[in-house]
Amino acid sequence: MFVLQRMATSHSLFGFASSLPLKTPTSDLFLKSSQFNQFPAKSLVSVSGRLAESQVNSNSLYKKRNGVSTSSVVAIDLTETAIITEDKDAVEASEQNIVLPTNGSSERLLRIRHTCAHVMAMAVQRLFPDAKVTIGPWIENGFYYDFDIEPLTEKDLKKIKKEMDRIIGRNLPLIREEVSRDEAHKRIMAINEPYKMEILDSIKEEPITIYHIGDEWWDLCAGPHVESTGNINRKAVELESVAGAYWRGDETKAMLQRIYGTAWESEAQLKAYLHFKEEAKRRDHRRLGQDLDLFSIQDEAGGGLVFWHPKGAIVRHIIEDSWKNVHLEHGYELLYTPHVARADLWKISGHLDFYRENMYDQMNIEDEFYQLRPMNCPYHILVYKRKRHSYRDLPIRVAELGTVYRYELSGSLHGLFRVRGFTQDDGHIFCLEDQIKDEIRGVLDLTEDILLQFGFSKYEVNLSTRPDKAVGDDNIWERATSALRDALNDKGWNYQIDEGGGAFYGPKIDLKIEDALGRKWQCSTIQLDYCHKVYDKLKANGIRTEVCHGERLPKLIRNAEKQKIPLMAVVGPKEVETDTVTVRSRFGGELGTMTVDDFINRIKSATQNRTSL
């Protein structure tokens, strides 16, 4: 059976091999759509996509960092950074009529930004001799560098920029040097840079490369850089902000100071970028939320928890009413499900294995553990499997505006974009395999209808295919990819192929929308997954098979033994990942974990020899 899941602002046709197996006719397909990452569970194939959510949970503005970055930002500047989309070779700044290059379209710009990170680090250590350096890559709109140093101020940034200008003006050469690992170790020890020592230990390739700025400062680096600091236009460089960042992105490690800067090829480009950034600031939803009295986040209640004020609440009410009407018109039935559930449900669904770091601690209620829900998927599956369904009932479409809770560090919270509790559109479609294409097309149509209501008419669509690490055989992947491709072709949307960009359990369609400033936002994803792979393979080999679910594993085993079932195969997240089954025999007890093909061969051999396993 397949599941298509559809959720707010993103279309994903992706796999949700659920540990909540569905006892349905063998030809059933369960389709599921969602904006957020899904995880394999047991004996369930899924398709997903999303449409609209009351609060957007988006990726960090700097979601694609280049270089060797291993720290994560835990404090955010007070102004929202403008994004110059990395997906076009160039973007035209609205009022300046200046074409802004990207790292992908201009290697010179990339080199400038990388060298600026080194120049900034040199300037910081000149001004603050006790500062320890870590890493400093180029990023989408500029560069950053992390320092182990006392907290910096805006006044400090001005001093650092002034020192950078001096270094740039001296036109110092950038010199590449190759050294042995032992030599690099000696040099790092000599200048007492513990973070660089840790970085050196993580570098597997040899020789080790070092870049010098003149003969005054050096750093472990693979490049590339400009030939000399004089190749940088000091009037095209600006330091933007400082934020806290944990070393290696680990909250148990040192809090560092991360300085962000932007760099361009010319002063005109910098001015165009700053104009773009001001426009983004003027449209900042946090500012609008306060000015228009729409919502707030109250310190007394905690960070990342949104309070909708009367004006905001009525806007939300109108949007939700429209959402409900549109879904009813498209044949969906509405659901309301609990915000908490027994912890065992999240273990069965696979969330505790694959998503634990994003979930809150469990609550002990009368000696039973409960968990706030991070997703709605298991609830919808429970509603579906409450009774038997005929294939004549399919497709069955259900949808919910479900509030979910995700664990987020306080420093990563950001208005409505990164919160701890939010409401999302979550829909699931249960259908037959030959209905997949039409149902995916229906999800695309529904998404378009809703986005057009909010003025989003420009899309960028990518079909992401099988990655290097994936489960399932080539035939299933091809069928899944073909279903997505057929739906896109039928829709008439132009799309690009993102080779290897799919989830490990299924291909997907990624949809990005363009806002008023030309920024691209991930909006929808549609993925296809595998749940009855083992079931289908056994049936194809003439082996009578039934999927059982809905209880804890020990009870399922006891029930099978009472019914004198000769063989039981457990399929969970670990088995899905390794393409295996764990087998138990009524006669021989535990037979261990084996491949599906090995399991089939053993059954055939026992059948031919009239023996038991």
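I started at Lys508, which counts as buried because its relative accessibility is 18% (buried means under 20% relative accessible area, exposed over 50%, partly exposed in between, with a 1.4 Å probe and protein chains only). This is a predicted model, where local features need pLDDT of at least 70, side-chain atom pairs count only at pLDDT 80 or more, and totals for chains, interfaces and linings use all residues. I number residues from 1 along each chain as its sequence is written, and side-chain values use heavy atoms, with hydrogens and water left out.

I looked up the partner of Lys508. Lys508 forms a salt bridge with Asp510, with the closest N and O atoms 3.9 Å apart (a salt bridge is a side-chain nitrogen of Lys or Arg within 4 Å of a carboxyl oxygen of Asp or Glu). Asp510 is at 9% relative accessibility, so it counts as buried.

Next I took Asp146 and Arg258. Their side chains meet in a salt bridge at 2.7 Å, N to O. Asp146 sits in strand E10 (residues 142–148) and Arg258 in strand E15 (residues 255–263), so the pair ties together parts 112 residues apart in sequence. Helices (H or I, at least four residues) and strands (E, at least two) are DSSP runs, numbered from the N terminus. I found both Asp146 and Arg258 buried.

Then I checked Arg397. Its salt bridge partner is Glu439, with the closest N and O atoms 2.9 Å apart. Arg397 is in strand E22 (residues 396–405) and Glu439 in helix H11 (residues 436–453), so this pair ties together parts 42 residues apart in sequence. Arg397 is partly exposed at 22% relative accessibility. Glu439 is buried at 8%.

Last, I searched the whole structure and noted 34 salt bridges. Arg126, Glu163, Arg166, Arg170 and Glu216 are linked in a network of them.
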